[in-house]
Structure formats: C-alpha cells, structure tokens
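Hi,

Here is the structure I said I would pass on. Have a look first, and my notes follow below.

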Amino acid sequence: MKKKEKPQDMFVNDAFLAELFERLLDLREKIMEGIDPKASNISLLNMKQYLNLRKYDFSHLQDDLTKVGLSSFGRSQAHIEASVDVALKMLSHALGRDLALSQPHLSYEASHAIMDKNATIFSSSSDKTKIMITVPSNYNEEEDWFTPLCKEGVHLFRINTAHDDVEAWADMAREIKEVKNNTPKIYVDLAGPKIRTVLDKSKKDEKIRVFYGDKILIKAASSQKTKTKKGRCKAVIGCTLERLGSITQVGDAVFVDDGKVQLMVEEIDGEDILCVVVSKDEKGSKIKDEKGINFPNNDISLKAISVRDKEILSHICEYADIIGISFAQSADDIYELIGELEALGKSGEIGIVAKIETKKGVKNLPSILEALTNYGNAGVMIARGDLAIEIGFENLATMQQEILDLCAAAHMPVILATQVLESKMKTNIPSRAEISDVAFAHKAECVMLNKGLYTLETVKILKTIFSQMDLVFRKNKLLYNASFEWK
C-alpha cells in the first residue's frame, strides 16, 4: 500500500519546485530588461535592476520561496541579481537540472563593501548608525558645548544657514574643528527656497496665537496692499513667496511650521490669500517668524540652489565636509551645486547630500541618485518634516521605507531626520512612539537630532538603543508588490 503523503510535504514536491524555478527564471529576465550589462557604474546597474523588479508584483513568489527555505529577497536590495542567482542554483540542484548562469555583476560581499565605503561620508567610525546634531544659535552660552557630545558619540554637527549669519557659522565651525582627539565632521545645510512666514518687524519676537475658525491673511512678497479691512481677519502675516493668489485655489490646504498650524484657503485677494484655521487646539496654535509654509496641493517650481545659497558658498566651503541641498527636486539641482563647487575648486572634496522633502524630489529620486552616484561623495537625507506634509502624513511610514530601500539598491547612505526623540530633546522624557521610531531609524546610516535643552541626555539614550538594536535587529521580509512610487 502506497504511503500517504504528509500534508506539509505535498506542496514541496518536484512539480512545485519546478514551477518555482520557472517563475524565478522569469523574474531574472525581467530584472535584466533594457539594461546595458556593460554599464560602468555597478551601483547604478543594481539600482536599475531593482527598479525593474519593482514594476511587478512578486509578493506571492516571495511567500513561496519562504515555504521552501529560500531567500525571499526582502533584504537583497543592494545585490538583487546575486540573490536571485543563488536561489536559482539551489533550485536547479534540488531538481537535478543543469543551469548555465553568467557571474552576477555584483556579489553580496562586493555590494556591502561599496556601501561601507560610501557611508564613510558621515564618519569613519565603526558605529553602524552615525549621529548628527544641529548646532543651536545659543550654543556658546555653554562653555565647550561640543566636546561632551563628541565624547558621548556624536559624529557630525549640522550648521543650518537658514538661521544666523556667515560670521556665526564660521565661529561654530572653528569650535567644532578645535574638538580634541575626536574631530567630528561638519554638515552645512543650504537654506534653499523654503517658503517662510514673515512677521511685522515690531512683532518678530512675538507669537501670534490663533484658534479654530480664525481668519488669517497671508500676504505675498509682491503684495502692494498696505491695509486690511478692519475685523476681516485675526492676523496678517507675510510670506517669502512672490505669488500666492495665482498658484492657489479656494479649498487648498496650507500648513505652517511643519503642520503645527493647519489652514484652508477661503478667499483669494490678488496675490494674497485669506485662510481659515482648521487646527483644533483648545490652547490655540502659535505662528512665529521664519517658520515654514507648505502648499501640498500646488506644484511650486523653485530652484533648490537659491541666489543667497550661491553667495554664501565660498564662505561655507572653507570648513564644510558635507553640503546639504534643501528641497532637492531633480538631478539638475545636484549638477548645479557640483558646478558651483567646481568653480570654487572643491568638487569631489566636499560631500553632497540631497534632502528629499517634496513630491517632486520623491518622484525624481532615481535620477537624483544617479547624479549623486556619478559625483561619488554623496548621500541622501529623508527630511520628514516637509515630506510628511507634501505627501500626506498617512503615507510617510511607507515612503520612508521605500526611499531607504531604493537608496540601498544604489548603495547610497541615508540620513533620517526630523522629530527623532524630539520630546526627549525638549523635556528629557521620550514618548513610547519615539523609542519605536529610533528602532526604525537604526536602518539608516545616520540619524539627525534637532535642537533642544537635553541634547547630551538624548545622545546617551540614542546610543543605548542603537547598541541594543545592533545585537537584535533584523529587517523583516519586504514584500515586492507593484504599488511602488517609481514603477
């Protein structure tokens, strides 16, 4: 009498393995479609193979590979062809078939060696995830602010040119360079074209408090109007954008200060817009000077490298190890900065980081990565403040993972930024959600902390979490479906 097959053995038979083998061969063929195998840059070749993969839904194939104990490629972004080839060879051996495959263009070992080398843009430290701190304007109120942080494990300091001036930045850089024994790197953010609030000179140090239903008039930089009808609105604020009325429509959303104040356009008055507050906060919402304004419903085309950025570049290049391009939206933005650095004799010497914080930046990320890869000394920042507003808060979790994966495919190191342990920085008490967020941030090559009263304490807890995650962290299997941003 024939022995009855065990239920768990029925799907792992030769027919199942043969079907899996054919599906994998099809996957390999799709990965190689339209790609020049003689491409000189191996990182770009791998990125294009990965982008080809993400045009299709292979999540069911991944599940079936897991059933037979093979890799599901959920951690294979950096060496996708080699991972598929290993699975094919194992299946061909199990089926007793001959399989002639050329050597993969990039091995597992080579891909990680490239990534490790590229990640040294942030620091040569052996720490897996580097830490960057934003230097506050009042850092010099505390004697030797930088040394204790470096001793605790900070690898980079960020100078934000959206605030202070050339002299203040030079003073910051000088003190950073004077740190003994463990000289950190200096990252300088160009301010770029960020749209900001402009309060009346007499009110710059004040905070305008608004409540749900209040009306606010936002005046464009080009506005000629000097008077507002009495009682029409609770407050009048300026805006650095030249035109507002011609690029917005009634009903459009407007966000101020990384979404802390939410407005809706109610009326358009020339180039000015009258908005109603839709944030519901019993204590009201504060509007301060020089805070960002976002118009997520509108396509606002602004060059990432502003006139002011170009004017201060020669000063910055005296001390910057890395320069960040705020609101990078296309490869042209990268090439423009490269051109400026070439004119100053600094091309290649200073690293470039593209900050991804707009819809356009996300859409054009593959071409941005190509420009950065060709430059060689580069990285990407996921600037979650503006990005969350631009793409929708509900989409941020998925998008930051997508960006991390595509950057891994291009062997491009990543900085994760905005609100990392923000409560800890401000109050010395972290929220539970922040701790979980740091566990996710561990996937990036660098994490940026912003300004706060409890900087040293925050660095300590961050280092503790990272050391624990280094021991236990494993990425979960990523499912390759067809809902990818760059399909």
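What percentage of the contacts in the protein chain with a separation of 6 or more comes from residues 24 or more positions apart? The figure is 76%, where contact means heavy atoms within 4.5 Å.

Before the rest, a word on how to read this. It is a predicted model, so local features need pLDDT of at least 70 and side-chain atom pairs count only at pLDDT 80 or more, while totals for chains, interfaces and linings use all residues. Residues are numbered from 1 along each chain as its sequence is written, and side-chain values use heavy atoms, with hydrogens and water left out.

**Overall picture**

The protein chain has 16 helices and 17 strands; these are DSSP runs numbered from the N terminus, with helices being H or I of at least four residues and strands E of at least two. Its C-alpha trace spans about 95 × 55 × 45 Å along the principal axes.

**The cores**

A nonpolar core here is a set of buried Ala, Val, Leu, Ile, Met, Phe, Trp, Tyr and Cys residues joined through side-chain atoms within 4.5 Å. The largest one has 103 residues, and Leu24, Phe157, Ile323 and Ile403 touch the most other members. Helix α1 (residues 14-31) gives the largest share of this core, eight residues. A second, separate core has 24 residues, including Ile195, Ile237, Ile273 and Ile300.

Leaving aside neighbours within four places in sequence, Ile403 is in contact with Ile356, Val362, Leu365, Ile382, Leu387 and Trp486. Val84 belongs to helix α4 (residues 80-95) and is buried, at a relative accessible area of 1%.

**Aromatic rings**

There are five aromatic pairs. Rings of Phe, Tyr and Trp (its six-membered ring) pair if their centres lie within 6.5 Å; planes under 30 degrees apart count as stacked, over 60 as edge-to-face and the rest as tilted. Trp145 and Phe157 make a tilted pair, 6.0 Å centre to centre with 55° between the planes. Trp145 is in the loop between β1 (130-134) and α6 (146-152) and Phe157 is in strand β2 (residues 156-160), so this pair ties together parts twelve residues apart in sequence. Both residues, Trp145 and Phe157, are buried. Phe146 and Phe157 have ring centres 4.9 Å apart and planes at 90°, so they are edge-to-face. Tyr139, Trp145, Phe146 and Phe157 form one aromatic cluster.

**Helix α9**

Helix α9 (residues 331-343) has 13 residues and reaches 19 Å from its first C-alpha to its last, close to the expected 18 Å (1.5 Å times one less than its number of residues). Its buried residues include Ile334, Leu337, Ile338 and Leu341. Among the elements covering the buried residues of α9 are α8 (307-316), β13 (322-325), β14 (351-356) and α11 (365-375). After α9 comes Gly345, with a positive phi near 70°.

Technical notes. Buried < 20%, exposed > 50% of the residue type's maximum accessible area, 1.4 Å probe, protein only.
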